[in-house]
Amino acid sequence: MAPPGQDPFVYALSSNSAWAGYKGHQNPDFFSRLTSGQAPDILWLGCSDSRCPETTILGLQPGDVFVHRNIANIISPTDINTAAVIEYAVVQLRVKHVVLCGHTVCGGPTAVLGDASVGGVLDIWLTPMRALRDAHAEELDSISSEDKQRAVNRLAELNVEAGVRVLMANAAIREAVRDRGLQVHGTLFDMATGRVRDLGLGTAKMDKGRGAVPEVGGVVRGRHAQLVFGGDGAAGMRAF
Ligand SMILES: [Zn+2]
């Protein structure tokens, strides 16, 4: 964040200049390698929230993650923006993992559970989440009566579950799962701890449903860290 009295944009540009200088010094090939093309292993679908920038929270680097983020990480099958990103990442870039990630204390589920109109296009965008809230009203009401924040986080989880169902029905994803073992994951970023939790959805759930042994060690290598999806449903980082 810009120091008090300093213009945030000017500060961001000077911060970028310092970062570019540092990266170039640390690894003289860093930027020339970026210009030669991309081969990310992960497609990340997440919330636009400023507090969950995927590459930063995964400890990865530019070139490691292909990204689409929107308000409250809602996956609508008819949203051409999301569909285009998925198609490019899965069909052209041939990513190995599709990760849908919600997060705790998200503004979308907070607004929906509060039942307040947020106005304009946002009310339309949040409609699938309102339907989800209504479908799980009993569970969410009982949690909410004890702990409102926990109900918000539960709705965020249900939203990831619904999103993963849409992803698993997407034609490009279905084909890649069948033909080359593309993995689809549903996760939740816990803002309070910085950890990304694997909810065991998507292809992991599909494997379990078929009685297959859960795969251990779907490993995505970054240049300075690994994101490891374990068979116990946990996602963890290994530095190397
Ligand atoms: Zn959010």
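The following legends describe close-up views of a predicted model.

Residues are numbered from 1 along each chain as its sequence is written. Because the model is predicted, local features need pLDDT of at least 70 and side-chain atom pairs count only at pLDDT 80 or more, whereas totals for chains, interfaces and linings use all residues.

**Figure 1. Overview of the protein chain.** The protein chain has 11 helices and 8 strands; helices (H or I, at least four residues) and strands (E, at least two) are DSSP runs, numbered from the N terminus. Of its 240 residues, 32% count as buried. A residue is buried if 20 or more other C-beta atoms lie within 10 Å of its own, exposed if 12 or fewer, and partly exposed in between, with C-beta atoms placed from the backbone. Among contacts with a separation of 6 or more, 61% join residues 24 or more positions apart; two residues are in contact if their C-beta atoms, placed from the backbone, lie within 7 Å.

**Figure 2. The annotated binding site.** The UniProt annotation "binding site", from an unreviewed entry, covers Cys47, Asp49, His103 and Cys106. These residues are spread over 60 residues of sequence, yet they cluster in space, with a largest C-alpha distance of 9.0 Å. UniProt positions are given in the numbering used here, feature names are shortened, and annotations may be inferred rather than shown by experiment. Cys47 belongs to strand E1 (residues 42-47) and is buried because 23 C-beta neighbours lie inside 10 Å. Beyond its neighbours within four places in sequence, Cys47 is in contact with Cys52, Arg69, Ala72, Asn73, Gly102, His103 and Cys106. His103 lies in strand E3 (residues 97-103) and counts as buried because 25 other C-beta atoms are within 10 Å. Not counting residues up to four places away in sequence, His103 touches Cys47, Asp49, Cys52, Ala156, Leu188, Phe189 and Met191.

**Figure 3. The largest nonpolar core.** In soluble globular proteins, nonpolar side chains tend to be buried together. The largest nonpolar core here holds 47 residues, of which Leu43, Val90, Val98, Val99, Leu100 and Ile173 touch the most other members. Helix H9 (residues 148-169) gives the most to this core, with 7 residues. Such a core is a set of buried Ala, Val, Leu, Ile, Met, Phe, Trp, Tyr and Cys residues joined through C-beta atoms within 7 Å. Leaving aside neighbours within four places in sequence, Val99 is in contact with Ile42, Leu43, Trp44, Leu45, His185 and Thr187.

**Figure 4. Packing of helices H4 and H10.** Two packed helices are described by the angle between their axes and the distance between the axes. Helix H4 (residues 80-92) and helix H10 (residues 171-180) pack at an angle of about 20 degrees, with their axes 9 Å apart. Ile86, Glu87, Val90 and Val91 of H4 make the contact with Ala172, Ile173 and Ala176 of H10. Axes are lines fitted to C-alpha atoms, for helices over the stretch in contact, and angles run from 0 to 180 degrees between N-to-C directions. H4 and H10 are therefore roughly parallel to each other, where angles under 35 degrees count as roughly parallel, over 145 as roughly antiparallel, 65 to 115 as roughly perpendicular and the rest as oblique. The crossing of H4 and H10 is left-handed; a crossing is left-handed if the near helix is turned anticlockwise from the far one by less than a right angle, and right-handed if clockwise.

**Figure 5. Helix H5 and its surroundings.** In helix H5 (residues 107-114), the residues Gly108, Pro109, Ala111, Val112 and Leu113 are buried. The cover over the buried residues of H5 includes helix H7 (127-135), helix H8 (137-146) and H9. The axes of H5 and H9 come within 9 Å and cross at roughly 115 degrees, and the two helices are therefore roughly perpendicular to each other. Their crossing is right-handed. Pro109, Thr110, Val112 and Leu113 in H5 meet Ala151, Val152, Leu155, Ala156 and Asn159 in H9.

Figure 6. Most residues other than glycine have a negative phi, and most peptide bonds are trans. Val105, in the loop between E3 and H5, has a positive phi of about 45 degrees although it is not a glycine. Val105 counts as partly exposed because 15 C-beta neighbours lie inside 10 Å. Asp115 follows H5 and lies in the loop between H5 and helix H6 (120-125). Asp115 is likewise not a glycine and has a positive phi of about 60 degrees; with 8 other C-beta atoms within 10 Å, Asp115 is exposed.
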